[in-house]
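This report describes one protein chain, from its overall make-up to single residues. Please keep the sequence and the structure in view while reading.

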Amino acid sequence: MIMKFTMDKSIKQCAPNNENAKAYLTAVGTHFTKFDKAEKATYMRLLTSKDYDGSSGVREHIMKRTHYYNKLKDMKVELAEDFLVWTVLESLPTEFDGLKSAYNAQKGKWNLNGMTAIVTQEEARFNETKRAKFESAFVVTNDSGSHNNKNFKSEYNSNKSYPNRKHGKSTHQATPPSLVEPKTDGFKGKCHFCRVYGHKKVDCRKFKAWLENKGIQKQLEAK
């Protein structure tokens with residue numbers, strides 16, 4: 001009565017009435033033999049066709065496959081451990097092709113624990129290589145970005161001095177033409193007193209000093 005009370009209604013209706021517990025369970029097992037075969041087919045399909053998706057670690061993937069393998073063994077499906085090792089290797093992506101070739105080339109056999117350790121180590125090496133490539137690309141990108149900023153700053157500073165530059169517009173406001181003092185070219189001739197280029201005799205300091213010593217400058221100022 002306790003067994004019937006804990007069973008689903010659909011099972012109770014299909015099972016024959018029997019006062020002996022062992023005979024009752026035997027009748028129920030016989031009636032649901034097809035269900036057992038369907039479960040075997042499901043686990044066999046999962047064991048042979050479920051590939052590694054890459055979302056979880058490869059160790060978790062092997063543990064799932066081992067779970068399906070143990071379920072089939074409990075259902076009296078005799079499968080060798082070599083078959084489990086082979087299905088696990090075949091379910092791995094192309095990054096593990098070198099490991100697959102090494103396994104096929106060896107005469108010896110890998111057990112489940114040894115294969116798990118080798119595959120996990122190979123995955124760690126792949127992750128380290130990807131991390132190194134990513135860091136190198138990140139450093140190169142930052143270096144190029146800093147150079148671009150420097151070039152931008154230098155070009156910006158150079159454009160500040162030239163508001164009408166051809167290759168860039170500067171935010172620096174130019175002084176209105178009416179307020180700009182007219183530029184005069186410097187005197188390029190030679191002084192007739194000191195014989196030095198760049199100024200006239202009237203502006204020559206030596207000439208003014210000579211006039212002051214002679215007293216001529218004071219006479220001119222008095223006049």
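## Basis

The model is predicted: local features need pLDDT of at least 70, side-chain atom pairs count only at pLDDT 80 or more, and totals for chains, interfaces and linings use all residues. Residues are numbered from 1 along each chain as its sequence is written, and side-chain values use heavy atoms, with hydrogens and water left out.

## Overall make-up

The protein has 10 helices and zero strands; helices (H or I, at least four residues) and strands (E, at least two) are DSSP runs, numbered from the N terminus. Of the 223 residues, 21% are buried, where buried means under 20% relative accessible area, exposed over 50%, and partly exposed in between (1.4 Å probe, protein chains only).

Contact means heavy atoms within 4.5 Å. Among contacts between residues at least 6 apart in sequence, 38% join residues at least 24 apart.

## Nonpolar cores

A nonpolar core is a set of buried Ala, Val, Leu, Ile, Met, Phe, Trp, Tyr and Cys residues joined through side-chain atoms within 4.5 Å. The largest one holds 24 residues, and Leu47, Leu89, Leu92, Trp110, Met115 and Val119 have the most contacts inside it. Two or more residues of this core come from each of α4 (33-49), α5 (58-74), α6 (81-90), α7 (97-105) and α8. The most, five residues, come from α5.

Another core, of five residues, lies apart from this one and includes Cys191, Cys194, Cys204 and Leu211.

## Largest pocket

The largest pocket is lined by Tyr52, Gly54, Pro93, Glu95, Phe96, Glu123, Phe126, Asn127 and Lys130. Four of the lining residues are nonpolar, two polar and three charged.

Thr120 sits in helix α8 (residues 112-161). A polar atom of the Thr120 side chain is 2.6 Å from the backbone oxygen of Thr116. Beyond neighbours within four places in sequence, Thr120 contacts Val58 and Arg59.

Val202 belongs to the loop between α8 and α9 (205-214). Is Val202 buried or exposed? Val202 is exposed, because its relative accessible area is 62%. His192 is 10 residues away from Val202 along the chain, and the C-alpha atoms of the two are 9.5 Å apart.

Technical notes: 1 Å grid on protein atoms, 1.4 Å probe; cavity = no way out; pocket = protein on both sides within 12 Å on 5 of 7 lines; lining within 4 Å. Nonpolar A, V, L, I, M, F, W, Y, C, P; charged D, E, K, R; others polar. Polar contact = N/O pair within 3.5 Å; in protein donor to acceptor, adjacent residues only side chain to side chain.
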